[in-house]
Amino acid sequence: MAHDEYDPTPSNDELEAHLQTRNMVVNLGPSHPAMHGTVRMKVELDGETIVKADTEIGFLHRGFQKSCENVTWTQCIPYTDRLNYVSALMNNFGFLSAVEKLIGLEIPERAKFIRVIGAELHRIADHLTATGALGLELGAFAAFLYGIEARELIQDRVTELTGARLTTNYGRVGGLNRDLPPGWGDKVLRTLTKVEELCGEVSALLTHNRIFTDRCRGTGVITATDALDFGFTGPCLRACGVNLDLRKQKPYWAYDQLKFEVAMGKNGDNYDRYLIRVKEIAESISLIRQALDKMPEGPVIVDDRRIALPPKDEVYGTIEGVMAHFKLVMEGIQVPAGEVYDATEAANGELGWYLRSDGSGRPYKVHVRAPGFHILSGVGKMIEGRMLADLIPTFDTINMIGGEVEQ
Amino acid sequence: MKMKKWIEVSLAIGFIIGALYGLMAAAYGLSGLLEGLLKDKFGVSGGAGFANLLVLMLGCVMVIATALTLAERKWSAMMQDRIGPNRATIDIGPLKGRALGGVPHIVTDVLKLLTKEDFQPATASKFLFNLGPILAFAPVFALFAIVPVGPTLEVAGQKVGLYVANPDFGLLYMLGIASLAVYGTSLAGWASNNKFALLGGVRASSQMISYEVALGLSLVGMMIAFGTVQLAGPTGMSEMQGHYLWKATVGGLDVGIPAWGFLLQPVGFILFFAAAFAETKRAPFDVPEGESEIIGYFVEYSGMKFGLFMIAEFVEVVVLSGVLTAIFFGGWTLPFGNEALASVGFFQDHPWVLGALFATIFWVKVILLCYLQLAIRWTFPRFRYDQIQTLGWKILLPMGLVNLFVTGALILWDPTLRSLAIAGGLEIALIAAVTLVPRGGAKDEHAEDHGHGGHGAHGATDAAAPALAAHH
């Protein structure tokens with residue numbers, strides 16, 4: 001008030017004793033249907049409006065980094081499965097790329113293409129899960145089930161390739177531990193046709209649905225500047241109109257030989273993040289088709305006994321084979337001392353690895369830059385002042401995965 | 001294999017319709033007998049109403065609502081490319097190992113709810129906590145009392161109609177009782193002493209209170225069209241809809257355009273459907289439950305107390321379908337051939353045979369409308385709390401007022417309701433056009449006109465509720 005002198009005639013409003021109200025604090029999580037990945041949101045509510053939202057993580061911490069220090073480089077790969085468990089192949093390959101960069105190793109051409117195919121398959125799976133879960137938590141259960149049906153088809157192909165749905169443990173330093181099964185490529189192509197069909201169903205149920213667009217447009221907004229400040233990467237950053245895709249900016253594996261477009265948004269809201277994922281699914285499908293078409297024949301792992309395990313008949317038949325096998329299994333790959341940072345474009349953004357080797361067979365330090373960690377830190381900013389119900393699509397479209405955020 | 005499936009499905013449908021027909025015939029018989037008995041012994045009437053209470057409400061409504069718990073799971077499974085419940089079996093003789101279409105799941109569900117621990121939070125307000133489920137269930141159930149299921153006939157020397165009561169204030173009873181249901185949910189939310197439940201209770205009460213306005217207003221058009229607020233009886237809305245606006249006779253069969261409510265009042269129908277859907281608190285209007293946000297006003301309830309909330313929802317679906325049928329879909333009448341049927345000699349000698357047939361038609365309509373409601377429930381995402389309020393106050397209410405004025409003017413101008421029906425036909429055509437015309441260049445619509453505004457033309461999607469959500 002501009003005038004703070006004594007007013008002898010106060011208005012009725014000032015004389016009344018107003019009802020004292022307090023903000024209500026509710027705990028969403030760690031066990032709450034919307035908080036997948038056991039995150040806890042401490043939300044302060046004024047009616048239905050969020051005054052303050054505190055994100056608390058740590059309920060899923062498993063000591064990934066410390067565990068890696070105690071095992072050989074190869075034995076780290078199963079641990080990376082458990083980071084982003086929706087798209088384990090991308091973690092496997094990302095970690096391997098970093099290790100290979102530290103060694104200074106070039107992998108065979110065929111292995112590069114197979115890594116692209118595997119990573120893109122799991123990118124589709126990841127995006128399908130994210131868009132499906134968005135539908136599910138907004139109440140459109142049908143969209144979720146169509147998405148999951150498509151995802152399961154992909155997981156079936158991944159199972160044929162790696163032997164497991166989630167904990168793939170595929171790929172080895174210097175390439176891959178096994179080649180594609182016979183006939184797998186054709187099966188993938190047929191699967192992709194079916195996936196496209198199911199994505200069409202999901203999109204038909206959601207993309208132009210009035211209720212869905214009303215729930216997603218203009219909610220969970222973040223500006224490009226804020227997003228960059230928080231360290232957003234991947235679809236969440238591209239939704240703000242920042243063109244950053246490591247597959248284009250720093251092509252790795254075989255991405256420079258394939259044609260694809262980077263899906264972009266501009267408003268940084270939930271709807272843009274959803275649309276980008278839908279578009280990226282289509283791009284990934286086209287990438288896999290191109291990669292299957294262009295993939296050369298040849299070995300899938302380097303022919304170097306210091307890096308790759310010898311074939312089994314050599315192990316059982318020759319003394320050199322036995323020795324190489326023994327040394328690789330017992331001592332691990334001798335990665336030269338040094339440090340490296342390498343990143344790949346995972347489904348949710350830049351999956352970075354800071355590795356340090358002291359020249360022994362075990363990592364001295366493995367640090368993961370999980371894309372979800374930085375994005376999750378921005379959730380409070382994205383929803384403060386909005387309604388409680390907006391938290392749900394926002395939390396879904398950032399697609400934070402507990403495994404990689406809390407490691 | 002395909003053929004076998006068809007036969008099985010046809011047999012099941014035939015069985016359901018046959019059972020309904022038998023039940024309706026029994027309803028007429030029981031009404032006539034009880035009415036006569038009470039009149040002879042005690043000199044009071046009302047026996048028919050009591051018999052209908054037993055057969056229609058406890059029999060039909062409750063059984064259909066119970067079956068809907070299974071139907072919802074089976075139908076949603078069908079829509080989502082799943083199998084649905086098929087695990088519970090009755091291991092006796094030839095039934096061993098057969099899923100029986102999931103029917104045993106009804107039994108297992110009920111047993112589970114009944115045998116679960118009746119947990120009560122220590123800090124809950126005991127009396128109100130127990131009162132909540134009762135108040136949520138009872139009013140919904142009582143709504144059906146005024147809905148006429150079949151025509152009024154002479155049975156066993158007594159004039160009986162298939163309705164529990166036919167008060168002069170007809171629809172006003174419905175609106176009044178419907179507004180009582182809000183106490184159940186808000187009390188449950190408050191008495192649980194749980195923050196999530198409280199939020200749910202507040203959401204439920206605000207939503208139900210706001211939508212009552214639109215609910216009442218959407219029916220006024222029908223009230224003035226037929227000049228009555230009664231549903232049952234020869235001058236009631238239900239029977240009046242059987243009359244033809246335009247009529248022709250083709251080879252002894254009367255055809256024409258009947259005065260069905262949704263033809264006269266398409267906008268009123270959509271408004272009523274949307275508002276009543278919001279009153280049932282089912283998706284897309286399920287913010288009071290909002291399972292992914294606040295879990296709902298019944299978060300602290302377990303066992304059969306929770307079961308009451310759940311079954312109340314299903315009863316609401318059936319009752320809403322019944323009310324919709326009676327007000328907007330011609331009640332128990334057929335769209336053609338009513339008079340031809342009534343003039344058949346056999347039916348004139350045994351009126352209850354025809355009456356039971358008409359009553360069966362009523363229930364078939366009810367089941368189809370139940371299916372429509374479930375299809376909507378399983379297709380659409382949930383509104384946000386403030387969007388529901390916007391829809392109710394800024395769209396349904398003004399539309400209801402405009403509809404009321406237009407209807408009033410047309411009826412004043414032409415009391416035969418024919419111009420009203422023409423206007424209704426135009427409205428239907430307009431709604432269909434807006435819905436069916438594909439969005440031009442919608443492929444990358446996002447890039448051009450993102451953000452709020454500029455979406456008016458895309459207002460209607462493929463069902464009533466979201467069509468009205470075009471609130472920009």
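Modeller: Residues are numbered from 1 along each chain as its sequence is written, while chains are lettered from A and ligands numbered from 1 in the order in which they are written. As the model is predicted, local features need pLDDT of at least 70 and side-chain atom pairs count only at pLDDT 80 or more, whereas totals for chains, interfaces and linings use all residues.

Biologist: Why is Lys281(B) called buried?

Modeller: A residue is buried if 20 or more other C-beta atoms, placed from the backbone, lie within 10 Å of its own, exposed if 12 or fewer, and partly exposed in between. Lys281(B) has 25 C-beta neighbours inside 10 Å, so it counts as buried.

Biologist: And why is Asn193(B) called partly exposed?

Modeller: Asn193(B) has 15 other C-beta atoms within 10 Å, so it is partly exposed. Its phi is near 55 degrees, a positive value in a residue other than glycine.

Biologist: What makes S1(A) and S2(A) a pair?

Modeller: Strands are DSSP runs of E with at least two residues, numbered from the N terminus, and two of them pair if DSSP finds at least two bridges between them. Strand S1 (residues 24-28) and strand S2 (residues 40-46) of chain A have five bridges, in the antiparallel sense, so they pair. In S2(A), Val43(A) is the bridge partner of Val26(A).

Biologist: How do you know that S2(A) and S3(A) pair?

Modeller: Seven bridges join S2(A) to strand S3 (residues 49-56) of chain A, so the two pair, running antiparallel. They form a hairpin with two residues between them, and Gly47(A) in the turn has a positive phi of about 70 degrees.

Conventions:
Helix = DSSP H or I, 4+ residues; strand = E, 2+ residues; numbered from the N terminus.
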